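Please examine the structure below together with its sequence. The report that accompanies it is written for a reader new to protein models.

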Amino acid sequence: MNIPSLKIGDLKAKLPIIQGGMGIGVSGAKLASAVANAGGIGIISGVQIGYKAKDFSLDPLKNNLKALKEEITSARKLSPEGIIGVNFMVAMRHYDEVVKAAVKEKIDLIISGAGLPIQLPELVKGSKTKIAPIVSSGKAARIIIKRWLKQDRLPDAVVVEGPLAGGHLGFKADELENKSNQSLEEIVQDVLKVIKPLEQEYNVEIPVIAAGGIMDGNDIGKILSLGAKGVQMGTRFVATDECDADQSFKEAYVNSKKEDVRLIKSPVGLPGRAIYNNFIEETDQGNIPVKKCFRCIGHCDPKTTPYCISQALIDAVEGKNGLVFSGARVHEVKEILKVDQLMASLEQEILAYHH
């Protein structure tokens with residue numbers, strides 16, 4: 001049995017594994033290129049990517065555009081043959097500008113969620129860049145595709161994110177608390193019902209990629225047997241040597257216990273999943289005043305927001321007290337590996353599942 005490669009249009013990854021985009025700064029060029037070199041698809045997070053610049057708070061857009069170009073260039077240099085993508089949150093201010101900048105750099109793939117990426121086809125028009133929305137239901141897939149067809153475009157792939165994912169989640173907080181939402185397996189099957197007729201009608205392949213709570217090759221084997229063509233994994237790739245986050249961020253993953261994982265309210269307006277730490281304890285006690293606003297999301301008021309999401313994520317990735325996003329099964333991560341070791345073990349586990 002050979003593990004099927006993942007085809008997204010004319011892109012072909014040897015292994016059906018996409019490394020999830022994790023921001024701020026957790027998945028940069030170093031991690032994305034290592035995954036691409038190991039036969040997967042590497043994704044750079046496009047959120048506040050210019051955060052390292054000294055004058056970042058003075059001109060976030062200028063610094064983000066500059067850093068985006070640099071990270072894509074660097075990833076290409078490190079993985080000239082690999083497939084490199086970028087993840088952009090729809091909720092970001094200046095979404096259009098950063099998408100266009102990535103297209104100008106001839107990025108292979110743009111994955112986009114945290115809102116409905118309705119305008120994405122227009123922004124990549126005339127380029128070879130592939131586009132994939134992130135959805136958490138068959139209904140969301142249907143809405144996006146209907147709007148994209150009006151722009152003469154179908155998705156090149158659809159990422160289906162289930163309730164066990166890390167970071168910002170496309171579900172209502174009470175559904176997540178009560179575990180009343182559909183499982184990833186159920187959502188994948190709902191989305192396949194939307195996609196299959198389109199594939200037949202337009203004679204195209206639109207791979208469905210399953211994300212959220214995928215931890216090992218056994219999970220991958222199971223979800224592929226349901227009809228998904230690939231998986232997107234974030235949490236496992238944080239505990240790698242090549243992950244762009246500080247060592248203490250990675251150790252927070254390896255040292256976490258099941259009861260440490262919390263659902264939190266994010267200033268973005270979506271529930272999020274993170275590892276309980278001093279920062280979350282402080283937010284439980286009241287708002288953390290915003291010292292400087294990065295103007296990262298349109299609807300955020302620095303006077304009333306519970307904390308600055310940008311600052312909280314930047315602090316965490318730099319190893320300070322901040323917001324450490326993670327998937328629900330982070331406690332299963334026991335060691336920090338090299339990316340090629342992780343990919344090789346996932347490959348062996350997928351093969352074992354099929355035997």
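The model is predicted. Its second largest pocket has a volume of about 380 Å³. The lining of this pocket is formed by 14 residues. Those that lie nearest its centre are Leu-164, Leu-176, Lys-179, Arg-273 and Ala-328.

Strand S12 supplies the largest share, namely three residues. Sorted by class, the lining of the second largest pocket contains six nonpolar, six charged and two polar residues.

## Helices H8 and H13

How do helix H8 and helix H13 cross, and at roughly what angle? The axes of H8 (residues 217-225) and H13 (residues 339-354) come within 7 Å, and they cross at roughly 55°. Because of this angle, H8 is oblique to H13. The crossing in which H8 passes H13 is right-handed.

On the side of H8, the residues that take part are Gly-217, Asn-218, Ile-220, Gly-221, Lys-222 and Ser-225. They meet Leu-346, Glu-349, Ile-350, Tyr-353 and His-354 in H13. The contact of H8 with H13 comprises five polar, four nonpolar and two charged residues.

## Helices H5 and H7

A second pair consists of helix H5 (residues 138-149) and helix H7 (residues 184-202), whose axes come within 7 Å and cross at roughly 30°. Angles under 35 degrees count as roughly parallel, and H5 and H7 are therefore roughly parallel to each other.

From H5, the contact involves Gly-138, Ala-141, Arg-142, Ile-145 and Leu-149. From H7, Asp-190, Val-191, Val-194, Ile-195, Leu-198 and Tyr-202 take part. Eight residues of the contact of H5 with H7 are nonpolar, two are charged and one is polar.

## Helices H1 and H2

The axes of helix H1 (29-37) and helix H2 (residues 60-78) come within 9 Å and cross at roughly 35°. This crossing of H1 and H2 is right-handed.

Which residues of H1 meet H2? They are Ala-29, Ser-33 and Asn-37, and their partners in H2 are Glu-71, Ser-74, Ala-75 and Leu-78. The contact of H1 with H2 divides by class into three nonpolar, three polar and one charged residues.

## Two points of the backbone

Most peptide bonds are trans, and most residues other than glycine have a negative phi. Two places in this model may be read against that background.

The peptide bond that leads from Gly-23 to Ile-24 is cis, and its omega is near 0°. Ile-24 lies in the loop between strand S3 (17-19) and helix H1 (29-37). His-94 is not a glycine, yet it has a positive phi of about 65°. The position of His-94 is in the loop between strand S5 (83-89) and helix H3 (95-104).

Key. Residues are numbered from 1 along each chain as its sequence is written. This is a predicted model: local features need pLDDT of at least 70, side-chain atom pairs count only at pLDDT 80 or more; totals for chains, interfaces and linings use all residues. Side-chain values use heavy atoms; hydrogens and water are left out. On a 1 Å grid over the protein atoms alone, a cavity is a set of points where a 1.4 Å probe fits but cannot get out, and a pocket is an open set with protein on both sides within 12 Å along at least five of seven lines; lining residues have an atom within 4 Å of a point. Grid points are joined across faces, edges and corners, and a volume is the space filled by probe spheres set on the points. Helices (H or I, at least four residues) and strands (E, at least two) are DSSP runs, numbered from the N terminus. Ala, Val, Leu, Ile, Met, Phe, Trp, Tyr, Cys and Pro count as nonpolar, Asp, Glu, Lys and Arg as charged, and the others, Gly among them, as polar. Axes are lines fitted to C-alpha atoms, for helices over the stretch in contact, and angles run from 0 to 180 degrees between N-to-C directions. Angles under 35 degrees count as roughly parallel, over 145 as roughly antiparallel, 65 to 115 as roughly perpendicular and the rest as oblique. A crossing is left-handed if the near helix is turned anticlockwise from the far one by less than a right angle, and right-handed if clockwise. Contact means heavy atoms within 4.5 Å.
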